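Hi everyone, thanks for coming. I'd like to walk you through a few charged pairs and a helix, so let me put the structure up.

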Amino acid sequence: MNTKEEKLAALGRLLDIMDELREKCPWDREQTMLSLRNATIEECFELMDAIVGGDPLYIKKELGDLLLHVVFYSKIAQDEGMFDIGDVATALSEKLIYRHPHVYDAEAVKNAGEVVQNWEALKRKEKDGNKTILSGVPKGMPALPKACRIQQKVSTAGFDWPERSEVWDKVAEETAEVQAEIDRKDTDRLEAEFGDLLFSVVNAARLYGVNPDLALERTNRKFIRRFGYMEQQTIKQGVPLQSLTPEQLETLWQEAKTHDD
């Protein structure tokens, strides 16, 4: 591992490269914060893929790509006279110190849950902080992690199930309401009730310490593997997958599950 001096030197080299690119590369010179936005979103998703995959080299690469964007935005801001990377790092350091009084001050906490509660309370006290509990949830955040984040935030205000097992009654209630709308054939209400059901399932996952986004991605990957196996077997046999009967498909699916295990 690198020493602190080597880490600082590496970051300094990156900043020098960014300065040179903004000066000498036509593409880099033309970029704005808005023009980089979509690429930044893509890099975040690629980093998430790398983390789920668990490959250290892949994670390192994607972290570097995301770091490039942080440096790039900071350089653009510097060129426009707003702030620079030093201001970004200073603001972050001051925020971390302020939001960790149990580390940098005399305040004591009993567990990680109290740390989260204090963090959210301190955010609302800051000059430019969130004025309400949910105001800090990004509007453009994907729906599944957004639902989980909403539930995490309101739980810090005590809005949560007294006993986590009680959430299953809510899941059952929402399931029944979905079925009722299916019977009524009201597509608009059905969409709303499916949303309520998904929200309650996400809440259950949170209460049992499961990240619903990771859990669903795990299932996505498992399904892709198993369905891919089914396709490979039919290709070997020279038979289109679409030509199989439901019973044949089920048999092949069970075989894929055994192969995957």
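This is a predicted model: local features need pLDDT of at least 70, side-chain atom pairs count only at pLDDT 80 or more; totals for chains, interfaces and linings use all residues.

Let's begin with Lys61, which pairs with Glu62, their closest N and O atoms lying 3.0 Å apart. Are these two buried or exposed? Lys61 has 47% relative accessibility, so this residue counts as partly exposed, whereas Glu62, at 2%, counts as buried.

Next, look at helix H9, residues 167-184, where Glu174 and Lys170 sit four residues apart, which means about one helical turn between them. The two form a salt bridge, with 3.1 Å between the closest N and O atoms. Glu174 is buried at 4% relative accessible area, and Lys170 is partly exposed at 27%.

Now on to helix H10, residues 187-207. Glu193 and Arg189 form a salt bridge there, 2.5 Å from N to O, and because they are four residues apart in the helix, about one helical turn separates them. Glu193 is buried, at 6% relative accessibility, while Arg189 is partly exposed at 35%.

Finally, helix H8. What span should its 13 residues have? At 1.5 Å a residue, residues 143-155 should span 18 Å, and the end C-alpha atoms are 18 Å apart, so the two agree. Buried residues in H8 include Ala147, Cys148 and Gln151.

Key. Residues are numbered from 1 along each chain as its sequence is written. Side-chain values use heavy atoms; hydrogens and water are left out. Helices (H or I, at least four residues) and strands (E, at least two) are DSSP runs, numbered from the N terminus. The expected span of a helix is 1.5 Å times one less than its number of residues. Buried means under 20% relative accessible area, exposed over 50%, partly exposed in between (1.4 Å probe, protein chains only). A salt bridge is a side-chain nitrogen of Lys or Arg within 4 Å of a carboxyl oxygen of Asp or Glu.
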